[in-house]
Amino acid sequence: MRIALLGLAGSGKTTVFNAVATTPAATPPGSFQTETHVQVVPVRDERLERCREIFQPRKYTPAGLELHDPPGLPEGGTEGDKERRARLLASARENDAYVLVVRGFTSPQYAYERAEADPKADLERLVGEMVSADYVICEGRAQKLRENIQRKARSMDQDKLELAVLERCLERLDAGKDLLDLELDDADDKRLRGFQLFSRKPRILLLNGPGELSADLGEGLPLSFAGRLAMDAQIDAELASMDPADRPAFMEEFGIEEAAADRFVNEVYRGVGLLSFFTVGEDEVRAWTIHRGDSAVIAAGRIHTDLAKGFVRAEVFPFETLDAAGGMRELKAQNAIRLEPKDYVVKDGDIVHIRSAL
Ligand SMILES: Nc1nc2c(ncn2[C@@H]2O[C@H](COP(=O)(O)OP(=O)(O)OP(=O)(O)O)[C@@H](O)[C@H]2O)c(=O)[nH]1
Ligand SMILES: [Mg+2]
């Protein structure tokens, strides 16, 4: 899973990145950022830790979210600003989901158009940029297809089908509607996938600052949110940079109940509809991320494409059964391992072993 932080310049994305990631970004917050920071954020899971205890594996690999922190979208209406925004958005398209970071703190130290926070206005602006970037892509391609059809190009039949789905998208974008809940058959979904539209991907709203998340933030916009959270990233980043031994006292002082990384990961998992399944053994105990509703053969493919190709059956049992049994020998004695076919829907916390003919 590849997740990107998107926001206006100086909304605190890099500070959020530092609060969530294991090591701080190369460009410190507040300085001019040109590169995208990337880091895999480990998904902490007590169930996996218990598996480690049981198997004492040589290798231990938690699930990870690949987090990207690109430079922010500059404000300003010059041609240069517009081009830079377009370029930054274009390079952010290949992510699976987005966390939209809006500034909820006042700061005179950064080159903002205004020092005061106005999360509602900033969010409207950001969403507007994303939607119009999608519009430009759909319209540009639709124009090209209309020309092809008019001159009866060889690809005309396919072009007509593609144009039809793009026109449905354009109509919705025009009406200020999301494309996430636009129901498409598999063929149309595939036709659209290559465009990597923001409006077809899940987003989470993150208010960065000391304030509470007001219930109406994010309402009534053309893009909807699958999850919402507030974070005082500067404090959380400071916490993340501390010696683990000093953290509890700091958390107590600032009334922080859960580390930002865990809240962030949980909200992304919940919002995007992700779950973890585990593979276990003395060699390795490992967690894998898939989407809710994914089948056993998709899970197999996450581990290795050969396992999906040669899929015979999946041996499955829930983590809780192993936890209660205390070990594999006890579990086997209880006959608790099920054999499941390709289309079995994998559950969160399933422990899976793929039987493959390859
Ligand atoms: N008071 C306060 N300041 C913050 C917070 N988060 C970030 N800042 C400050 O805001 C400024 C911008 O923070 P960055 O994290 O660099 O913001 P950014 O979105 O990564 O900026 P760009 O990469 O330039 O778009 C820095 O001076 C931060 O110290 C916060 O939660 N509270
Ligand atoms: Mg930054």
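Asp216 is partly exposed, with a relative accessible area of 40%, where partly exposed denotes values between those of buried residues (under 20% relative accessible area) and exposed ones (over 50%), as computed with a 1.4 Å probe on protein chains only. In this predicted model, local features need pLDDT of at least 70 and side-chain atom pairs count only at pLDDT 80 or more, whereas totals for chains, interfaces and linings use all residues. Residues are numbered from 1 along each chain as its sequence is written, and side-chain values use heavy atoms, with hydrogens and water left out.

Asp216 forms a salt bridge (a side-chain nitrogen of Lys or Arg within 4 Å of a carboxyl oxygen of Asp or Glu) with Lys120, the closest N and O atoms being 3.9 Å apart. Because Asp216 lies in the loop between β6 (203-208) and β7 (227-231) and Lys120 in helix α4 (residues 119-150), the pair ties together parts that are 96 residues apart in sequence; helices (H or I, at least four residues) and strands (E, at least two) are DSSP runs numbered from the N terminus. Lys120 is likewise partly exposed, at 46%.

The structure holds 26 salt bridges, among them one between the side chains of Arg44 and Asp262 (3.0 Å, N to O). Arg44 is located in the loop between β2 (37-42) and α2 (46-55) and Asp262 in helix α9 (residues 260-272), so this pair ties together parts that are 218 residues apart in sequence. Arg44 is exposed, at 54% relative accessibility, whereas Asp262 is buried, at 15%.

A salt bridge also joins Arg338 and Glu340, with the closest N and O atoms 2.8 Å apart; Arg338 is partly exposed, at 31% relative accessibility, and Glu340 is buried, at 15%.

Definitions and conventions
Chains lettered and ligands numbered in written order.
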